[in-house]
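Okay, thanks for making time for this one.

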Amino acid sequence: MMPELGPYAAEVGLAYAATGALLAGLIAYVLIRARRVRRALDELESRRGK
Amino acid sequence: MTALLIRDLRLAMRAGGGFGLGLAFYLILAVLVPLGVGPEGDTLALIAPGILWVGALLSCLLSLDRLFALDYEDGSLDLLATAPIPLEGVVTMKALAHWITTGLPLTLVAPVLGVLLNLPAAGFGWLVASLLLGTPALSVIGTFGAALTLGLRRGGLLLSLLVLPLYVPTLVFGAQAVVRGAAGLGTATPLLLLAGITAGAAALLPFASAAAIRINLR
Amino acid sequence: MASIWRYANPRKFMETSGWLLPGVSILAALCIATGVIWGFFFTGEDYRQGSTVKIVFLHVPAALMAINAWLMMLVASLIWLIRRHHVSALAAKAAAPVGVTMTLIALITGAVWGQPMWGTWWAWDPRLTSFLILFLFYLGYIALWQAIEDPDTAADLTSVLCLVGSVFALLSRYAVNFWNQGLHQGASLSVVDEGAPMDIAYRLPLYFAMAGFALLFIALLLAGTRTEIRARRMQALLTRERMG
Amino acid sequence: MTDAPAALTVDSLACARGGIPLLEGVSFALNAGEALVLRGPNGCGKTTLLRTLAGLQPPLAGRISAPPESIAYAAHADGLKPTLTATETLQFWARLHGQGGVTPALERMNLAVLAQRQGQHLSAGQKRRLGLARLLVTGRPIWVLDEPTVSLDSASVALFAGVVREHLARGGLAVIATHVDLGLPEARSLEIARFRATTRAAADDFLEAFL
């Protein structure tokens, strides 16, 4: 199943790994910030009895 | 508007006006580079145009964040905004004052530093020509950066981050003009493009700078 | 056009983006998966570049999105400056982190892709250098957003920076081309050229990957903008509280 | 002084600070020779109102009608350069506004003796008087002043009141925000606190949807 990557396997692997890591980091950042802000807003709204 | 220019020049010349700072920095840089790179003449000759141009760039940058800060802190920027002259005029005069006190002296000193850096003889003329054409753009773009970071606490650092990418076209065409001049190749294209950028910046950027100041004065 | 201005009202935007977000996210995941897996496993080696050609499925989509993200920020800034739509200003703010990551991916994959041919991990290839400069523009933009407290002033100033920055980014693009000609005429085979010079076998998975990256950008943009709107609401409530 | 009798009319003006509406429905009309003193607790929006009048800030709503280039603004900070002498400062502002000599303004504010002294060597009171002398030099009919008598001793406050009275006599106008009794009985006064913006103020739909 693994495609025959030849001499440049390291490069291809590195590119995919780096991209994967960066995308994962970006998605994580967006999700975590979303949850953090949403929780703070809900807490603020409940405190104000909105 | 000339009243504003004269006032700014007078302020720059007075004690603490910071007139010589950009110049001193440029000299120090031209001295440090060979100390870092090594004394071999031919390596220095190779990098001289680039170093002289990057040095001019950084020297301009150095004296930019005080451009509006003093007027902003002591309230005269508010008063200038209500004066009869348009804010675009104020900004252009500020850029002109910055060029006269920083850009022009740099251009005149550059050949001397060229000798320090073993710049090839053919390059001197092109060095002065490209700096003469390029430094006004550095002042106008720098004024835009100073207007954006008005009133921010660590505005100076942010100013460099915002302005240096904007300096790329001027730097590339300016340095290339000197490199090709020194190598005896045709320098018409880079010089023309350099002049074009300066003209475009001088014509359009004051509107963006004035808008940024109006926003910051709100 | 009237319908678009309806989204200026944050409540309307939150509703629509609410049900749109899951769909776009799943679609994005699907497209990326198809494009990347198909491209990685089921395409042969390129006779010239060997297996490094497989990097194209990451580099080209990321490079495209890096530029499109900035263009989207430019349009959003214009809408903010002309029509004062807060949502578009917040959308521009939310797009910046995605754009900067895409630029970073384009840089890394581009450098790695060219490594075998150039023999070095970084070569000042004109296209890669342009992405490096674009990266600096993104940093400046994000830094300016962070540096200003008042949200409206921040939106105004970042919009002006985006407009001016775009002109200079374009100028830098040509300056870098001119700079690269330098003394040795003609750039080496520009490994990183856009479009798909390759044959059909590579083109289909590439389109999937491109669609996937675009949808990912939209999904992250919607999520980011929703967060910005909530953060802005919090700030407004807190200011109101302080005002008493 | 400009020949046409200047007038300043403001109707249902609303202004904001940091995006949050502060004042709304501010209306008044001021004719040549009249002065208006704005009173109100600190932070109620006097400065914001004055800055909006001076054109430094766009109003949220309402209209300000005054002849163009007719407003001279003076704020807390008097905009004096430490290394410029008093004469140079006034000459700069005079030339900027296309006006003539500065000696009458210097003498009127008892600064003639300090004419050649640099800004940094002036006391707070002298700096404030030099800032007010700038108003005389602009030749503009409508004065918009924010706490002009701060750091002035009683003699200087009287001097300032005299200068304002002369300005009004010449057909000028003045809007002054202050806590100090200026000794200008003829000036009308306006309580700003009652124009306080209610929460349902004219916020644009964005904030409206939030608050």
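So let me start with a question: which residue forms a salt bridge with D:Glu69? The partner is D:Arg140, and the closest N and O atoms are 2.6 Å apart. By salt bridge I mean a side-chain nitrogen of Lys or Arg within 4 Å of a carboxyl oxygen of Asp or Glu.

Some housekeeping before I go on. This is a predicted model, where local features need pLDDT of at least 70, side-chain atom pairs count only at pLDDT 80 or more, and totals for chains, interfaces and linings use all residues. Residues are numbered from 1 along each chain as its sequence is written, chains are lettered from A and ligands numbered from 1 in the order in which they are written, and side-chain values use heavy atoms, with hydrogens and water left out.

Back to that pair in chain D. Helices here are DSSP runs of H or I, at least four residues, and strands are runs of E, at least two, numbered from the N terminus. D:Glu69 is partly exposed at 49% relative accessibility, whereas D:Arg140 is buried at 5%. For those words, buried is under 20% relative accessible area, exposed is over 50%, and partly exposed is in between, with a 1.4 Å probe and protein chains only.

Now the sheet around there. Chain D has an open sheet of five strands in the order β5-β6-β7-β3-β8, with parallel pairing; two strands pair if DSSP finds at least two bridges between them. The edges are β5 (71-74) and β8 (188-191), each pairing on one side only. On average, neighbouring strands are turned by 15° against each other, direction ignored. Helix α4 of chain D, residues 124-138, packs on this sheet and touches β5 and β6 (142-146), and its direction makes about 170° with that of β5. A contact is heavy atoms within 4.5 Å, and angles run from 0 to 180 degrees between N-to-C directions of lines fitted to C-alpha atoms, for helices over the stretch in contact. Further in, four bridges join β3 (35-39) to β7 (173-177), and D:Ala35 stands opposite D:Ala174 in β7.

Next, between chains. The whole structure has 24 salt bridges over all chains. One of them is B:Asp71 with D:Lys81, at 2.3 Å for the closest N and O atoms. B:Asp71 is in helix α4 (66-73) of chain B and D:Lys81 is in the loop between β5 and α2 (86-96) of chain D, so this pair joins two chains. Buried or exposed? B:Asp71 is buried, at 2% relative accessible area, and D:Lys81 is buried too, at 6%. Both belong to a network of salt bridges that share partners, along with B:Arg7, B:Asp8, B:Asp74 and B:Lys94.

As for who touches whom, five pairs of chains touch, and chains A and C have the most contacts among them. Chains A and B don't touch; their nearest C-alpha atoms are 23 Å apart.

Last stop, chain C. It has seven helices and zero strands, and 60% of its 244 residues are buried. C:Lys12 and C:Glu15 meet in a salt bridge at 3.7 Å, N to O. They sit three residues apart in helix α2 (10-41), so about one helical turn separates them.
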